[in-house]
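Please look over the model below before reading on, and keep it open beside these notes. The points are meant to be checked one at a time against the structure.

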Amino acid sequence: MKLIDLKVSEYLDVLKSDAPAPGGGSVSALAGAQAVGLFMMVADLTIGKEKYAKYQDVCQTAKRRGSELYRELTAAIDKDTDAFNLVSNAFKMPKTTPEEKAARSKAIADATLAATEVPYNVMQYAYEGMMLAKTMVGRSNPNAASDLGVSILNLMAAIKGAWLNVKINLPGVKDEDKAAAFEKGGQTIYDDAQTMARELYDEILNQL
């Protein structure tokens, strides 16, 4: 059964067990999905309200693209655990003969690449989510401003958590070009998001 199909209590029981997955990568994806769900809620609390007529376009755009990001991030909850399992299984492959060693090395490299791509994608999705949330700050139902702030905090948590998972896997990425792209792209997202999240949080806090 997929993690996303579990009850919250069941998911938490698996998470706190001694099973190595789900781990930080899946938790980061979940944080991102929750965050997008929150700003979609704020959009819904704004859309259709005559009082907030001038915010309709912004919130409709955020909700429309948010629904796509939400699907990607919820899918990443299981993708991250699946990628970890691929790496774990690759390391368990036999390595007695030269052929077995070669097959094992390739399997490890392929699995590590996948285990890096998933959290890197989570960073990208969460960053885009933060950009959408930014458009709604001061341009959405003010009664839900705190929810928008929590959304931004969770998006930053998703980015930071996913970045840790990218970094820990980077040494195992054998394709130097891809490794460099992950490193450069991830650092850029991390730095930009840090600044944006801090500014948006302070802006929302000052509105309350």
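The notes below take up a pair of helices and then several salt bridges.

1. A word of caution comes before the details: this is a predicted model, and the points that follow should be read with that in mind.

2. Two packed helices are described by the angle between their axes and by the distance between those axes. For helix α4, which covers residues 98-136, and helix α5, which covers residues 145-169, the axes come within 8 Å and cross at roughly 160°. Since angles over 145 degrees count as roughly antiparallel, α4 is therefore roughly antiparallel to α5.

3. The crossing in which α4 passes α5 is left-handed. If the residues in the contact of α4 with α5 are sorted by class, there are 19 nonpolar and five polar residues, while no charged residues are found there.

4. Side chains of opposite charge can pair when their charged atoms come close. In this model the count comes to six salt bridges, and the next points describe some of them.

5. R65 and E68 form a salt bridge in which the closest N and O atoms are 2.5 Å apart. Both residues belong to helix α3, which covers residues 56-91, and because they are three residues apart in that helix, about one helical turn separates them. R65 counts as partly exposed, with a relative accessibility of 27%, and E68 is also partly exposed, with a relative accessible area of 32%.

6. With which residue does E128 form a salt bridge? The partner is R65, and the closest N and O atoms of this pair are 2.6 Å apart. E128 counts as partly exposed, at 29% relative accessibility. Taken together, R65, E68 and E128 are linked in a network of salt bridges.

7. A further salt bridge joins the side chains of E183 and K167, at 3.1 Å from N to O. E183 lies in helix α6, which covers residues 176-207, whereas K167 lies in helix α5, so this pair ties together parts that are 16 residues apart in sequence. Is E183 buried or partly exposed? At 30% relative accessibility, E183 counts as partly exposed, and K167 is partly exposed as well, with a relative accessible area of 38%.

How values were computed. Residues numbered from 1 in each chain as written. Predicted model: local features only at pLDDT ≥ 70, side-chain atom pairs only at ≥ 80, totals over all residues. Heavy atoms only, no water. Axes fitted to C-alpha atoms, helices over the stretch in contact; angles between N-to-C directions. Helix = DSSP H or I, 4+ residues; strand = E, 2+ residues; numbered from the N terminus. Parallel < 35°, antiparallel > 145°, perpendicular 65-115°, else oblique. Left-handed = near helix turned anticlockwise from the far one by under 90°. Nonpolar A, V, L, I, M, F, W, Y, C, P; charged D, E, K, R; others polar. Salt bridge = Lys/Arg side-chain N within 4 Å of Asp/Glu carboxyl O. Buried < 20%, exposed > 50% of the residue type's maximum accessible area, 1.4 Å probe, protein only.
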